[in-house]
Amino acid sequence: MPDNAPRAIASALLHWYDHNARDLPWRARPGANAPDPYRVWLSEVMLQQTQVASVIPYFDKFTRTWPTVEALAASEDADLMAAWAGLGYYARARNLLACAREVARRGAFPDTEQGLRELPGVGGYTAAAIAAIAFGRRAVVVDANVERVVSRLFAVEDVLPGAKAKIYALTDSVTPELRSGDFAQAMMDLGSGICTARSPKCLLCPLREHCAGFAGGTPERYPRKAAKPPKPQRFGTMFWLERDGAVLLVRRPDKGLLGGMRALPTGAWADSPPGLADPPAKAEWKLLTETVSHGFTHFNLDVALAAATLSSHAGAAVEGEWWPVADLESAGLPTVFAKAARQFRRMLCAV
DNA sequence: AAAGCGTGGCA
DNA sequence: TTGCCAAGCTT
């Protein structure tokens, strides 16, 4: 029978963390003062549904460009969106700017979980994480790592997402009064390095003797999750309109998929290939032989590629920005468009 | 409250 | 190759 004594669990985990914490750019150095709330907030937003390795280069770039929340608040929308390009879930970037401006207006971040929760883009997890890590408050921090660790520790049979309330209560029961921020980060380090989704390394785990999942012999069976419905396949067309060495880019509407981002013009997505519907201008469009495939969270997309060239004097009334093809890297295109742009340039060069 | 919202890594 | 998964939030 495993020992689920909360204090023993917290103590074992914190001791492990003191010797095994990852050195991450947003963490305070051991023995240093509490980390800067701006850096904690920025990292937590970037880390929503996103792995550490993907975040690090973006975090470095953002903190170099905008060292303070006031600097970020003063940035242009388009610059921030372009800097976020490639990281995904672009509503985070729109909320990031709104939040920075709100915090700059107030003069500081709120220092309670409840106050933080009111900021744009800050939900239950992020508010708890910032309150605990940046402000030293006791907070119950539950992300996907914690869900996995706790559901194994207590062999939770309930199926997610229904099990969230129970897992929150169990996490509460093991969260210490002191160092709850370190405790949360320790849980996440444990979840990402040892208590992994597949093939957990139980023999290295500091909580092994407390773990009901390990005692039962099949810890990887937790957390139990409802089966996901299959992703639909959708189709579309992207348009490459070139004039004098520049390509036409548009800004996508603020709401919806890739909202607010620079993009190649597209037609609407459809359930079957839409061909040359909805071109951005009248031109002699040629469909390329190659298509581009991309997986989004909730559907897979197959896009046809259509290309045309305008002469120098044409296209005066076309809506959008003419972006130098040689400088397309700096446009900040989401990955699906960057992928298509590479394909366009390969194929058009080859002609 | 269920659905919409990116991307890259891994087996 | 395909499917699964990751430091969730918003409406």
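Asp111 comes out as partly exposed, with 36% relative accessibility (buried means under 20% relative accessible area, exposed over 50%, and partly exposed in between, using a 1.4 Å probe and protein chains only). This is a predicted model, so local features need pLDDT of at least 70 and side-chain atom pairs count only at pLDDT 80 or more, while totals for chains, interfaces and linings use all residues. Residues are numbered from 1 along each chain as its sequence is written, chains are lettered from A and ligands numbered from 1 in the order in which they are written, and side-chain values use heavy atoms, with hydrogens and water left out.

What does Asp111 pair with? Its side chain meets that of Arg137 in a salt bridge, at 3.5 Å from N to O (a salt bridge is a side-chain nitrogen of Lys or Arg within 4 Å of a carboxyl oxygen of Asp or Glu). Asp111 sits in the loop between α6 (91–106) and α7 (113–117), and Arg137 in the loop between α8 and α9 (144–153), so the pair ties together parts that are 26 residues apart in sequence. Arg137 is partly exposed as well, at 35%. Helices here are DSSP runs (H or I, at least four residues), just as strands are (E, at least two), numbered from the N terminus.

## More charged pairs

Side chains of opposite charge can pair when their charged atoms come close. By the salt-bridge rule, the count comes to 16.

Take Arg138 and Asp172, whose closest N and O atoms are 2.7 Å apart in their salt bridge. Arg138 is in the loop between α8 and α9 and Asp172 in helix α10 (residues 164–174), so this pair ties together parts that are 34 residues apart in sequence. Both ends are partly exposed: Arg138 has a relative accessible area of 29%, and Asp172 has 30%.

Asp254 and Arg251 form another salt bridge, with 2.8 Å between the closest N and O atoms. Asp254 is partly exposed at 41%, and so is Arg251 at 48%. There's also a network of salt bridges linking Asp18, Arg179 and Asp182.

## The second largest pocket

Two members of that network, Arg179 and Asp182, turn up again here: along with Tyr17, Ala28 and Gln185, they lie nearest the centre of the second largest pocket, which has 30 lining residues. On a 1 Å grid over the protein atoms alone, a pocket is an open set of points with protein on both sides within 12 Å along at least five of seven lines, a cavity is a set where a 1.4 Å probe fits but cannot get out, and lining residues have an atom within 4 Å of a point.

The volume of this pocket is about 570 Å³ (grid points are joined across faces, edges and corners, and a volume is the space filled by probe spheres set on the points). Helices α1 (6–20), α8 (124–135) and α11 (180–193) each supply at least two residues of the lining.

## Closed spaces inside

## A buried glutamine

Finally, look at Gln343 in helix α13 (residues 335–350). Gln343 is buried, at 11% relative accessible area. Leaving out residues up to four places away in sequence, Gln343 touches Glu290, Thr291, Val292 and Leu305 (contact means heavy atoms within 4.5 Å).
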